[in-house]
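Subject: Structure handover

Hello,

Here is the structure I promised to pass on. Please open it beside this email; my notes follow below.

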Amino acid sequence: LELAKVLYINISNNSSGDRKKDADEKVSDVFLSLGEVSLENEEYEMSVDDLTVCLRMRKETLPADSRSIAETCYQLGVALAFAGKFPEAETNLNMAIDVLEARHRNLGAMGASDNVAKEITDLVALVNEIKDKIMDTKDMEKGTMQMAKEGKVIPAFLGSSSGRAARPIEVRSGAAKAAKETEAATVGIA
């Protein structure tokens, strides 16, 4: 992933037009992957750094209602929660909701079709799952505060309030069903 990042950055810096856009998208994908790997390895600060770069790049290149932006906001929110930065985590999770709600409004204005109706249904489910994740984050924060008050050592990885560890979201189609099974929200791609 690090090598891919260097290669795509070089291509992006030395290209123009569609080739630069493609390279920029790949660079942001690499930063997302690096952030996910760091999150899995409990390297939360590194995950936050990579996901922050990914989010900045995606905001510069994608439409404001892109599911890829929402996905990155979600992942960044999860990483921030595990890094103990609960207010920032909640802010990013709420940003993911804002992006998905904007997409919902924009799709609603497009007119009815089976694909639009299906995506709107998915978006509503995702928003509800992210709201649940916000509640989990608040519970995690309360647990951390309580442990600190009691003078107990706070473990580096707390997991969600349901007792399961948070998992990165899926980006493949059909991931909403898998998310239900793993209690992780999926946002998908633009």
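**Overall picture**

The protein chain has an accessible surface of about 10300 Å², and carbon and sulfur atoms hold 53% of that surface. Accessible areas come from the Shrake-Rupley method with a 1.4 Å probe, and for residues only the protein chains shown count as cover.

Two notes on reading the values. This is a predicted model, where local features need pLDDT of at least 70, side-chain atom pairs count only at pLDDT 80 or more, and totals for chains, interfaces and linings use all residues. Residues are numbered from 1 along each chain as its sequence is written, and side-chain values use heavy atoms, with hydrogens and water left out.

The protein chain has seven helices and zero strands. Its elements run α-α-α-α-α-α-α from the N terminus on. Helices (H or I, at least four residues) and strands (E, at least two) are DSSP runs, numbered from the N terminus.

Of the 190 residues in the protein chain, 42% count as buried. Buried means under 20% relative accessible area, exposed means over 50%, and partly exposed lies in between (1.4 Å probe, protein chains only).

Contacts are worth a look too. A contact means heavy atoms within 4.5 Å. Take the contacts between residues at least 6 apart in sequence: 59% of them join residues at least 24 apart.

**The core**

The largest nonpolar core has 36 residues. Such a core is a set of buried Ala, Val, Leu, Ile, Met, Phe, Trp, Tyr and Cys residues joined through side-chain atoms within 4.5 Å. The residues with the most contacts inside the largest core are L39, Y74, L76, F82, A96, L100 and I130. At least two core residues come from each of helix 2 (17-40), helix 3, helix 4 (67-82), helix 5 (86-108) and helix 6 (114-149). Helix 4 gives the largest share, 10 residues.

Helix 3 covers residues 44-61, and S47 lies in it. S47 is buried, at a relative accessible area of 0%. Leaving out residues up to four places away in sequence, S47 touches G35, S38, L39 and A79.

The whole structure has one aromatic pair. The rings of Y44 and F82 have centres 5.6 Å apart and planes at 25 degrees, so this pair is stacked. The cut-offs: rings of Phe, Tyr and Trp (its six-membered ring) pair if their centres lie within 6.5 Å, and planes under 30 degrees apart count as stacked, over 60 as edge-to-face and the rest as tilted. Y44 sits in helix 3 and F82 in helix 4, 38 residues apart. Y44 is buried at 7% relative accessible area. F82 is buried at 8%.

**Salt bridges**

How many salt bridges does a search of the whole structure find? The search finds nine. A salt bridge is a side-chain nitrogen of Lys or Arg within 4 Å of a carboxyl oxygen of Asp or Glu.

- R58 pairs with D29, with the closest N and O atoms 2.7 Å apart. R58 is in helix 3 and D29 in helix 2, 29 residues apart. R58 counts as buried at 3% relative accessibility, whereas D29 is partly exposed at 38%.
- E90 pairs with K138 at 3.5 Å, N to O. E90 is in helix 5 and K138 in helix 6, 48 residues apart. E90 is partly exposed at 26% relative accessible area. K138 is partly exposed at 32%.
- E119 pairs with R103 at 2.5 Å, N to O. E119 is in helix 6 and R103 in helix 5, 16 residues apart. Both E119 and R103 are buried. Salt bridges with shared partners join D65, R67, R103 and E119 into one network.

**A backbone detail**

Where does E42 lie? E42 is in the loop between helix 2 and helix 3. E42 is not a glycine, yet its phi is positive, about 60 degrees. Most residues other than glycine have a negative phi. At 43% relative accessibility, E42 counts as partly exposed.

Best wishes
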